Amino acid sequence: MESAIARARLSKTVMYIILILFSFIMIVPFAWMILTALKTNQEAISVDPFYIFPANGWHWENFGKVWESYNFLILYKNTLLMILFRVICACLTATMAGYAFGRLRFPGKNFMFALVLVQMMIPSQIFIIPQYLMVSKLGLLNTVTGLVFPGLVTAFGTYLLKTGYQGLPKDLEEAAAIDGCNIGQRFLRIMMPLTRSSMVSLGIFTALFAFKDLMWPMIVCTRADTTTLAAGLAKMQGQYGNDYPTMMASAVLALVPMIVIYVIFQKQFVEGIATSGGKL
Amino acid sequence: MKRILAIVLALMMVMGLTGLTAASAADFTINVNIWDSNQQAGLQAIADDWTAITGVPVKIEVIDWNSYWTLLAAGAQGGKMPDVFWTHSNTVQMYMDNDLLLKLNDYIEKDGVDMSLYYEDIVALYTRADGNIYALPKDHDTIALLYNKAIFDKYGVAYPTDDWTWEDMYEAAKKIQEAGAADGVYGMAMNTSNNQDGWYNLVYDYGGQVITDDHKGTTIGSDNGKAGMEMVRKLLTVGAPQSVVAETGTDSLFQSDKVGMITQGSWMINSFYKAEHHDDYAWACLPYADVNGNGQCDDGERWSCYNGLGWAAAFNTEHPDECASLIEYFCSVDAQKKQAELGVTMAGIKGISDEFANAFPGMDVSAFTKAESFKLYFRPYTRNTVAWEDPIQQAGGFLDAWQNPEDPALMATACENAQRIIEEAIAEE
Amino acid sequence: MAKPRKKRTAAARNEARWAWAFILPTIIGLIILNYYPAVETVIQSFYKTGDFGMGNKWVGLANYQKVLGSQEVWQSLWNTIKYAIIEVPFGVCIALVLAVFLNKKLKGTSIFRTIFFLPMVCAPAAVAMVWRWLYNQQFGLLNNTFHTQIAWISDPNLAWISIGIIGVWSVIGYNMVLFISGLQEIPGDYYEAAEIDGATGIKQFFKITVPLLSPTTFFIVQTRLIGALTVFDLMFMVLDKTNVALKKTQSIVYLFYDYAFTKSNKGYGAAVVMVLVVFIMIVTFILQRLEKKLVFYN
């Protein structure tokens with residue numbers, strides 16, 4: 001009995017050590033980013049990297065400077081809208097397709113799914129120029145719709161949800177069929193709610209990839225008042241180049257909304273997992 | 001929680017929709033794209049003067065060098081180009097040949113723009129073979145030597161003078177490098193990518209040409225070219241290693257007080273003027289090559305590269321008249337003077353040197369205006385410059401020689417490789 | 001074929017109709033948004049691109065001949081594989097271990113989770129900037145902390161590992177979230193039964209967790225493998241174009257970008273990327289075969 005408790009304690013300690021070690025590794029670049037943002041350019045490139053408390057205090061004004069020279073509020077808004085609509089589109093289309101591929105039988109299923117798989121294998125840089133020309137001809141440049149365009153459907157999401165649906169027990173559907181539900185009702189009322197954790201994951205990943213998408217917003221929204229955070233940040237890099245503190249300050253400002261969203265989402269995320277875990 | 005989400009969602013949709021409609025209700029603005037953030041403030045001030053006269057607002061956007069050309073090309077191919085933008089010798093021929101720029105001849109004639117005011121080479125660059133003019137000269141720039149007085153003082157080396165040869169520079173850099181080794185200070189710094197502001201000038205000083213005058217060949221692999229690059233090699237032995245410079249950049253190294261001297265162009269003055277230690281920085285004339293060994297600078301022994309950007313408009317802009325007017329304004333005598341006074345760049349119009357020289361109180365930048373009395377060569381260009389300009393800076397080109405500056409044979413081979421690369425690229429055009 | 005066609009039942013036809021309705025938006029989207037552009041790019045690969053996409057000249061297989069004979073292309077493919085060899089295994093294993101830990105009711109789980117997820121929310125430009133600076137030979141944190149002079153990103157033999165490390169760092173959070181959601185779907189009863197039988201944590205891990213998690217693991221490995229093989233941002237933003245380690249580190253998509261966009265030679269660039277597409281197809285094909293053997297579904 002004692003050895004079991006001791007074993008449990010040892011393994012807990014080991015786990016904590018590993019977790020803390022990796023946390024440290026994850027955080028160091030961020031801490032570095034924030035510290036650099038608070039220095040002057042000269043201090044930032046001074047040789048001593050542990051220069052945490054500079055002689056003249058922390059230069060919070062770097063943030064103010066960046067905030068003034070770039071309209072971050074508009075960047076936040078555009079990014080948020082793009083993410084929101086991409087998530088909605090992705091979840092809608094992927095859950096329907098994922099259900100069909102994961103649970104239904106129909107002719108041509110394998111070929112269609114191959115189409116989904118193959119799309120994931122193709123580097124996205126190939127699509128960009130033709131997609132850009134399409135968006136341009138549709139007059140959607142510098143609009144939110146244009147930003148959402150490549151994300152209207154998602155092969156990745158379809159695959160993810162197919163895996164999710166495949167993992168659900170078979171009996172549920174049979175029971176529903178006996179009860180007289182048609183496929184649509186089965187889907188809506190029973191199957192879809194059960195893939196909540198997968199949907200939440202998909203939502204999160206779609207949001208993240210939308211947030212980080214760089215090349216597309218850059219070429220579709222060239223005006224500073226229509227572009228997103230990632231593209232705006234890259235433009236700032238071109239602008240401030242060697243001014244490290246300013247760059248880091250803008251990077252920090254760009255990160256803040258995502259962290260906020262994540263914190264909000266985290267509760268939803270936990271709920272979603274707990275609920276689906278409990279059902280099983 | 002769900003209800004809150006629903007409300008937030010609804011709000012977002014409303015925001016999104018209003019955002020979409022608001023854009024179309026505004027009056028039109030002229031969109032201007034440039035790639036140099038240092039110039040944005042000054043140019044916006046000049047543009048605002050134009051807006052005060054015409055009532056049309058102007059929005060200047062800075063896009064970094066690489067993205068600038070990608071975006072412009074994408075826009076040219078079927079998207080939307082900005083209304084007004086900068087043209088550069090690297091690519092302007094391609095744009096002109098494909099009729100992507102607004103023809104300015106009629107406007108020039110109607111408004112009586114005096115083309116003789118501008119530097120001839122720049123005008124020639126932006127005039128097509130059939131006489132159509134597609135851009136007005138915006139500016140020109142020259143190259144000078146930047147040095148850190150504090151470092152020279154610390155190691156007891158005499159400051160650069162305007163009579164320096166490259167050998168003098170070598171000697172000074174050598175002293176600094178040896179004395180400063182313990183502190184991690186280098187004599188000078190130059191990367192393969194410092195072409196216009198760096199090693200190109202040595203090639204010309206020694207009698208070679210990166211691109212011949214007809215833009216169809218090169219003599220970089222000739223004995224003259226090799227002599228020039230050999231001098232570069234010597235300088236590199238008393239400079240920062242290439243990997244350091246590739247990672248950190250010559251400007252950053254200089255501004256962190258790690259380098260005694262670098263060569264730079266007039267478009268970068270602002271960056272050093274505003275730096276923290278700008279009191280330590282000073283400019284001297286670009287050194288020359290005493291090829292005939294007579295101890296003085298003869299004709300052809302001192303060259304400076306110069307480049308001239310142009311202001312152009314998209315061929316399919318919706319407001320050609322306004323764009324042409326804006327371009328003419330930017331290139332008018334008054335605006336050019338203002339551009340120089342604000343320290344933005346040196347003018348495309350001849351004879352406005354003094355205003356620029358005085359634009360930086362506390363920092364003597366006359367080295368750049370003195371450079372105008374040197375022999376000047378236009379920044380080497382061909383129809384598709386990037387096709388050879390990048391490869392000669394990389395492995396298989398001069399990068400190999402930069403990695404081992406102690407070995408003269410490598411540099412000579414690199415010259416021959418560069419010759420071949422350039423000739424092949426031109427053949428493909 | 002002598003086999004008589006089974007008459008499809010009304011139920012089966014109904015099912016097929018529903019299924020097609022469900023997949024239609026996605027399939028149409030994929031065709032318009034992805035396949036049509038991809039086909040255009042493939043067609044481009046048979047042309048020598050003229051200025052601005054005008055005046056393209058048909059050259060047949062000339063681009064492919066050049067690509068297949070180009071040492072640069074094969075080197076970049078190898079570079080890409082090297083990168084994947086670091087990012088995928090390490091990214092998956094570390095994330096799995098962390099996910100298992102976080103799935104237990106330890107104190108501070110949500111804090112750890114937030115921290116591990118942080119790299120995921122970072123814009124690529126910011127990540128590249130920070131790591132580029134960390135790795136800097138002269139001023140970087142790494143060299144100054146350990147008093148070394150290592151050329152992390154300028155040593156041709158080392159740069160690919162350094163970039164791989166950034167990749168792993170960025171991707172752990174992503175993998176971890178997927179693993180956690182997969183772990184949540186494993187019924188707790190299995191573990192209880194194992195506890196009663198006296199199985200240790202590690203034994204439970206290998207006998208219960210790994211097999212039941214295999215659909216998720218397979219999914220992650222497949223997507224990360226493809227993601228790693230199409231890496232571009234990291235090399236593009238961390239390595240200067242005059243970096244001496246570039247040739248031994250640049251990925252094949254980087255090469256594509258360089259030719260298609262920087263040098264405006266879309267035809268050649270398209271041919272380059274086709275090599276990658278074929279390679280990825282082979283890899284995916286192998287993986288799909290392995291799926292039947294390695295993955296347990298209900």
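This is a predicted model: local features need pLDDT of at least 70, side-chain atom pairs count only at pLDDT 80 or more; totals for chains, interfaces and linings use all residues.
About 570 Å² is buried between domain 1 of chain C and domain 2 of chain C, and carbon and sulfur atoms give 69% of that area.

At the boundary, 7 residues of domain 1 of chain C are in contact with 8 residues of domain 2 of chain C.

Now look at what joins them. Polar contacts are present: the count is 3 residue pairs, both residues at pLDDT 80 or more. On the domain 1 side, helix α1 (residues 10–44) of chain C gives the largest share, 3 residues. By class, that side has 3 nonpolar residues, 4 polar residues and no charged ones.

Next, turn to chain B. Chain B is also divided into two domains. Each is written as two stretches of sequence: domain 1 is 28–140 + 307–350, and domain 2 is 143–306 + 381–428. The centres of these domains of chain B are separated by 30 Å, again taken over C-alpha atoms.

Between them, about 1,400 Å² is buried. Carbon and sulfur atoms give 45% of this area. Three residues of domain 1 of chain B lose the most area to domain 2: N38(B), N90(B) and N307(B). Together they account for 38% of what the domain 1 side buries.

Here the rule does find a salt bridge, 1 across the domain interface of chain B. Find D97(B) and R383(B) in the model. They form a salt bridge, and their closest N and O atoms are 2.8 Å apart. The two domains of chain B also have 5 residue pairs in polar contact, both residues at pLDDT 80 or more.

Chain A meets chain C, with 95 residues of chain A in contact with 89 residues of chain C. The size of an interface is often given as the accessible area lost when the parts come together. For chain A and chain C, the buried area is about 9,000 Å². Carbon and sulfur atoms give 79% of it. In chain A, the residues that lose the most area to chain C are L19(A), M26(A) and M121(A). Together these three make up 8% of what the chain A side buries.

What does the rule find in the way of salt bridges between chain A and chain C? It finds 0. The count of residue pairs in polar contact between these chains is 10, both residues at pLDDT 80 or more. Trace helix α1 (residues 2–37) of chain A: this helix gives the most to the side that touches chain C, with 17 residues. Sorted by class, the side of chain A that touches chain C divides into 73 nonpolar, 17 polar and 5 charged residues.

Terms used:
Residues are numbered from 1 along each chain as its sequence is written. Chains are lettered from A and ligands numbered from 1 in the order in which they are written. Side-chain values use heavy atoms; hydrogens and water are left out. Domain bounds come from an automatic or database domain assignment. Buried area is the accessible area (1.4 Å probe) that two parts lose on being put together, summed over both. A salt bridge is a side-chain nitrogen of Lys or Arg within 4 Å of a carboxyl oxygen of Asp or Glu. A polar contact is a pair of N or O atoms within 3.5 Å; within protein, one must be able to donate a hydrogen and the other to accept it, and residues adjacent in sequence count only if both atoms are side-chain atoms. Contact means heavy atoms within 4.5 Å. Helices (H or I, at least four residues) and strands (E, at least two) are DSSP runs, numbered from the N terminus. Ala, Val, Leu, Ile, Met, Phe, Trp, Tyr, Cys and Pro count as nonpolar, Asp, Glu, Lys and Arg as charged, and the others, Gly among them, as polar.
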